[in-house]
Amino acid sequence: MAEINYDEMIKLAAKAMGESYSPYSKCRVGACLLGESGQYYLGCNVENASYSATCCAERTAIFKAVSSGEKKFRAIAVVGGFDGNIKEYFPPCGVCRQVMSEFCKDGFEVILFNGKERKVLSMEDVLPYPFGSEKLK
Ligand code: THU
């Protein structure tokens with residue numbers, strides 16, 4: 001499998017951020033998810049006047065991929081910031097971590113970028129002691 005191109009994924013996540021629909025929080029977030037097929041799936045946050053109906057960028061990308069027929073992933077890059085200014089890391093929320101853990105297993109990488117440096121985390125880093133399907137048997 002080809003090496004993960006972190007710079008390219010961060011660039012695409014920033015591009016996806018351009019589509020963010022975030023009139024309420026003004027926090028623009030973009031994600032670039034890499035499938036095992038090599039395909040990238042981009043997502044942005046999509047807010048709603050009924051705030052809890054909002055979907056985060058990470059879940060938008062994951063749902064886009066799964067509904068396109070891909071369920072195994074290698075990495076996700078996430079960038080975000082108030083008014084789209086990428087100044088600090090924008091780590092995935094708890095709900096997105098749970099959704100990631102459903103599809104993103106061993107070796108999956110979460111790539112964050114603060115405008116200057118990147119940070120690469122494992123699934124274990126972002127969600128230790130996950131609740132998974134094995135608990136439902
Ligand atoms: N947001 C994301 O898109 N991803 C996260 O993991 C954290 C939060 C969005 C949701 C909402 O539109 C805005 O950021 C502020 O919470």
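The model is predicted: local features need pLDDT of at least 70, side-chain atom pairs count only at pLDDT 80 or more, and totals for chains, interfaces and linings use all residues. Residues are numbered from 1 along each chain as its sequence is written, and side-chain values use heavy atoms, with hydrogens and water left out.

**Surface patch**

Tyr21, Tyr24, Val46 and Tyr51 make up a nonpolar surface patch. Together they have about 440 Å² of accessible area. Such areas come from the Shrake-Rupley method with a 1.4 Å probe; for residues, only the protein chains shown count as cover. Patch residues have over 30% relative accessible area and no salt bridge; like charges are joined within 9 Å, and nonpolar side chains (Val, Leu, Ile, Met, Phe, Trp, Tyr) within 5 Å. A salt bridge is a side-chain nitrogen of Lys or Arg within 4 Å of a carboxyl oxygen of Asp or Glu.

Tyr24 sits in the loop between helix 1 (6-17) and strand 1 (27-35). Helices (H or I, at least four residues) and strands (E, at least two) are DSSP runs, numbered from the N terminus.

**Hairpin**

Strand 1 pairs with strand 2 (residues 40-44) in the antiparallel sense, over five bridges. Pairing requires that DSSP find at least two bridges between two strands. Gly30 has Cys44 in strand 2 as its bridge partner. The two strands form a hairpin with four residues between them. In the turn, Gly38 has a positive phi of about 100°.

Asp83 has a phi near 55°, positive in a residue other than glycine. Its place is the loop between strand 3 (73-82) and helix 3 (94-103). Tyr129 also has a positive phi, near 55°, and is not a glycine. Tyr129 lies in the segment after helix 4 (123-126).

**Accessibility**

Buried means under 20% relative accessible area, exposed over 50%, and partly exposed in between (1.4 Å probe, protein chains only).

| Residue | Relative accessible area | Class |
|---|---|---|
| Tyr24 | 39% | partly exposed |
| Asp83 | 49% | partly exposed |
| Tyr129 | 81% | exposed |
| Cys27 | 22% | partly exposed |

**Cysteines**

How many disulfides does the structure hold? It holds zero. A disulfide here is a pair of cysteine sulfur atoms within 2.5 Å. Cys27 is in no disulfide, and the nearest cysteine sulfur, that of Cys56, is 11 Å away. Cys56 is in no disulfide either; for Cys56, the nearest cysteine sulfur is that of Cys96, 3.8 Å away.
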